[in-house]
Amino acid sequence: MASVTLRGLSKVFDDGSQALHQLSLDVRDGELLVLLGPSGSGKTTVLRCIAGLDEPTAGDVLIGERVVTHTPPAERDVAMVFQNHALYPHLSIRDNIAFPLEMRGVADAQIARRVAETAARLGLGDVLDRRPDQLSAGQRQRAALGRAIVRGPQAFLFDEPLSSLDAKLRIELRAELLALHRSLGATMIYVTHDQTEAMTIGQRIGVLHEGRLRQVGTPAEVYEHPADVIVARFVGTPGMNVLQGRGRGTAEGERVIEVGSLAVPVELSTYEGELQLGVRPEHVGLCAVDKGVGNADVLIVEPLGSETLVHLNAGGQGLVARLPGFLDVRVGTRVGVKVDRRRLYLFDAAGAPLA
Amino acid sequence: MSWRGWAAAATTAAVVAAAVTLGVARWAESRYERAFAFRMAATTAAYLAAVTPPPPAPPPPRRARPTRRARPARPAGPPQQPPPPARGSAEYYLPQMLTLARALRTLPGWTSEVEVYYGTAPLADATAPPLAPDDLERLAREGGRWRNGVALVALRDRGGREVVGAVAVRPRSVPRGPLPGGMGFALPAALVAVGGAAAIAFRQRSLRRGGYVAAALLLAVAAYADVRSAARRSTDRWLTDTRRLLQEAATRLPPPRSRVAIEDLTGLVRDAELLPGEPGESAPRRVDVDGKRRAVVSVLIGPGRWLELRTVAAEAYTTGWLFVLLACALLGPVAILGLRWAERTPRRQRRETTIAWGFLAPAGLHLAVFSLAPVLFAIYLSVHRWGRGSVEPVRPFVGLTNFAAALRDPLTWIALRNTALYSLYVPVSVALALAVAVALRAWCRGWGLGLLRTAFLLPYVLSVVAVGLVWQRIYQSGSLGLGTTDWLSSPTTALLALMLLSLWAHVGGQMVVFLAGLQRIPQAYLDAARIDGASAWQRFWRITFPLLRPVTLFVLATGIISAFQVFTYVYVLTRGGPLPDHSTEVLVHRVYQTAWGSQEFGAAGALSLLFFLLLLVLTVTQVRLLGKQVEHA
């Protein structure tokens, strides 16, 4: 096992588009780091640069202490699990798992032993002689996992391995993956666009946006203290409400931020002018008209059972409130809005956090 | 439509089918009558050409002979001759021809209605209308033609060159059918019977119980019997009339001749055999000669001198008509089945099915005319002796003789061996195409790829003949540094040269298929293999090649099949030569040569069917192989 370090990694493709900008990241030995970002944010490019499938335009990749920037993939000793498993369709599961060992010239007896071990660990013992297309989706992804772990690589790279599975299977395999990480103690870099997945399995999360790493931190850090508006919006389901507003003083000597039809009192003495107010949906409440910080129209009500999401229109600004249980709110009615004043985030017009 | 309406439609269909059957039979009979008329006219023309002397050299001293009614069957005494015949003259002595022409009409036992034209003027019946001026011209081109219900055959001059007149024979109108009362009664009766049977069949909702099929088939068989008897009659009439002509000719052939030789008379009957014979009946009879049915008549040409005139018995080769007539007769039951289906089926479905068939019809017709019909004809050809060189006017059924002959012919086996050898270029070109495709995909991008791909594909899309001609020049000795050997005329290199050319021409096409196949292999497999530590070589052999297997098999299979069908390069470059060894003779070229070189169409048909079987075996094997491999791709 080894750490993986990226230093100032940039990647410009042949067509001139820049996928990565000066990206630096330190993945500690034995850590499970999740790279989270919307599609097109360059997550997969980072993985391919680490694996050696793509060469960075600038910057370095280190595995352990070794600089491998221009080393062919075969010599980097990392394993990768692909989104669509990429099991060789013409080989049996046994041959698929044995493939990396064969390519490295491991003795037959040892191959057989290690394949058997791996299969037993992943519960694939019964299907070793089947072809990939004769397996269920979950078994296929396990087999792809088996092909990765069989040779005990320095690091594992996962490229959205669960995104093609259905929700139930995804949750099941997520747990298995965590168990696997614990038992192997391996360095893993896991790419996903699903922030729930990122929150649940990541020891640390790196949020990637348009080729730039916005924030790296534990799930709690990323959730509680987003580094900027983009991270704030992206993390969480639904993401943080970010409203465009103006701060000003009132006649009573309080400071308020006017956002649309709301006037939110804040304890921010020094700032006036354009800013952005962030509030997570769970910190937005509803009350009688004119009893809160302002009024809003109900656009959509989404009852989810344990909670209800209410989409509001506050003077042209969209706002989501997450409320427990079922609610008797009619679409089109006007309601009062409350916010938890202790849980407000303030960003400047450019998106950087204030204070 | 009401039930009554359906029944009426069924009856109509049955009546129409019966009428078509009888009409076809009548048409077949009139064909035999026409054939007889042409044959008789040709024989008569030959007779006149043989017996009419040239005009006398000096202005002919015309002996006063008024319109002479020549009584035929004169004893051996020489007929009247113009005294000094102008030797070498190509013209006929017209008065003599006039006499002979008129004599024809009074020959006892002669059944044909004949007219002889000298120039455009009729000789026997002076009041008959003359020929049109362009008739002779067209006769000169075509030899014989059908005009105003009369078979016209050219009468050439004594040298056999210029057309100086014509002989016309009018066939008798088709005699009545085999049923009592002749066509006038039998036709309506038959139609009513068939229609009634059809109506019953329709009401009982079963073609089996109604006896309608039996009635229709019975009608077809009766019609066939009629056709067969017409064929027999036409042979008999020709024999009878020709017998009389031969007897006439024996007495009238111009001197100097003491005894008429058989050779003098055979010229009159080129499409039959004339042999010395035994005394026999003057009526035609049937004998089997060498297992073949022959019609025979005995001819007395002098005291104690008998000949035997033999010709093919036309009725022995009428089987084809039986099938045609049965097919016609079965139109009725088929139509009734269709109507029954239509009656049972809901309107909407009926409409949709009809429309569907309407859309299918053009393609189906095309398939029937241009694929099915030639195949059936080839099968028909292959079991008949069918050659232009053959003396016989008919194409006898010979069973599997053609097939046996094709298999015995060493050239067939040479062609098979060469074809198999030739097709060995395919694995080489497939390997090459795969290599080029992989290389292009690995190293070429953008317009470079397009350019190279086009360059490789170009030979494949060029005109095969043009490519062949260019390579012919290339292979000629001394050109393009290919050494001093003339590649195409050396038995050791000719086939190799063709293989090289085919290799060059086909690599591009196969490469494009491989490129498409490579494109279909997801990059993820190759990425995974790279990470798993596979080298480029291992990636190709362990991942790319197995995944391309269906494509490879497809290219290989289609390549071998098309290699077996090679013709154009052989035809353009070598024509199967160099000759003593037939070094580049291949199967399709052999078929072509048999048909158009040796004019043996029956043998060519048999050979092409054998070839078809070979290709079928090849294709089925390869499709099986392909089918197995395509599953996991």
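Reply: In this predicted model, 43 residues line the largest pocket, and those nearest its centre are B:Arg441, B:Ala442, B:Arg445, B:Gln523 and B:Leu526. A pocket here is an open set of points, on a 1 Å grid over the protein atoms alone, where a 1.4 Å probe fits, with protein on both sides within 12 Å along at least five of seven lines; lining residues have an atom within 4 Å of a point. Its volume is about 1,300 Å³, taken as the space filled by probe spheres set on the points, which are joined across faces, edges and corners.

Two or more lining residues come from each of strand E1 (4-12) of chain A and, in chain B, helices H12 (425-443), H13 (446-461), H15 (494-519), H16 and H17. H12(B) gives the most, with 9 residues. Helices (H or I, at least four residues) and strands (E, at least two) are DSSP runs, numbered from the N terminus. By class, the lining has 26 nonpolar, 6 polar and 11 charged residues; Ala, Val, Leu, Ile, Met, Phe, Trp, Tyr, Cys and Pro count as nonpolar, Asp, Glu, Lys and Arg as charged, and the others, Gly among them, as polar.

Residues are numbered from 1 along each chain as its sequence is written, while chains are lettered from A and ligands numbered from 1 in the order in which they are written. Local features need pLDDT of at least 70, side-chain atom pairs count only at pLDDT 80 or more, and totals for chains, interfaces and linings use all residues; side-chain values use heavy atoms, with hydrogens and water left out.
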